[in-house]
Amino acid sequence: MAFSSKASLASLVLLLLTLRLVHSHSMTVGATDKSQPPPTNCKGACLIRCSKSGRPNLCNRACNSCCSTCKCVPPGTSGNYNVCPCYFKITTHGGARKCP
């Protein structure tokens, strides 16, 4: 009888672990990242973002690079980084923010 109860207990633990894994996987598959806005037209968004820049070519190059990574550009010509946190977090090798 001891073997039978140990086997039953092991089966029950294995079943519970499997159910927990399935549940956690189904939660992550259905989840969407609310912090990232939907993909944007990088070229158009960067033209607007860099419209008041003193160095528009440099600004557009950096902006398009950041947009291709993040799939978003904050609205306006500066600030608004909370709309696209990824855009704010990208830095150069020196630690300065890369995205205008």
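Me: Which helices do the buried residues of H2 pack against?
Reply: They pack against helix H3 (56-70) and helix H4 (85-89), where a helix is a DSSP run of H or I with at least four residues, numbered from the N terminus, and contact means heavy atoms within 4.5 Å. This is a predicted model, in which local features need pLDDT of at least 70 and side-chain atom pairs count only at pLDDT 80 or more, while totals for chains, interfaces and linings use all residues. Residues are numbered from 1 along each chain as its sequence is written, and side-chain values use heavy atoms, with hydrogens and water left out.

Me: OK, which residues of H2 are buried?
Reply: In H2, which spans residues 42-49, they are Cys42, Ala45, Cys46 and Arg49; buried means under 20% relative accessible area, exposed over 50% and partly exposed in between, with a 1.4 Å probe and protein chains only. These four lie on the same side of H2 because they cover an arc of only 95° around the axis, the arc being that of the directions from the helix axis to the C-beta atoms.

Me: And what is exposed on the other side of H2?
Reply: Lys43 and Ile48 are exposed there.

Me: Back to Arg49: which backbone oxygen atoms does the side chain reach?
Reply: The Arg49 side chain reaches the backbone oxygen of Gly76 at 3.5 Å and the backbone oxygen of Gly79 at 3.1 Å. Arg49 counts as buried because its relative accessibility is 2%, and, leaving aside neighbours within four places in sequence, its contacts include Cys63, Tyr81, Tyr87 and Pro100.

Me: Thr77, then: where is it found?
Reply: Thr77 sits in the loop between H3 and H4, and it counts as partly exposed, with 35% relative accessibility. Its C-alpha atom is separated by 6.9 Å from that of Ser51, although the two residues are 26 apart along the chain.

Me: Switching topic, how many disulfides does a search of the whole structure find?
Reply: The search finds six, a disulfide being a pair of cysteine sulfur atoms within 2.5 Å. One of them is formed by Cys66 and Cys99, with sulfur atoms 1.9 Å apart; Cys66 lies in H3 and Cys99 in the segment after H4, so this pair ties together parts that are 33 residues apart in sequence.

Me: What about Cys70, which residue does a disulfide join it to?
Reply: Cys70 is joined to Cys86, with an S to S distance of 2.1 Å. Cys70 is in H3 and Cys86 in H4, so the pair ties together parts that are 16 residues apart in sequence.

Me: Is the disulfide of Cys72 and Cys84 right-handed or left-handed?
Reply: It is right-handed, because the torsion about its S-S bond is about 65°.

Methods
Helix = DSSP H or I, 4+ residues; strand = E, 2+ residues; numbered from the N terminus. Polar contact = N/O pair within 3.5 Å; in protein donor to acceptor, adjacent residues only side chain to side chain.
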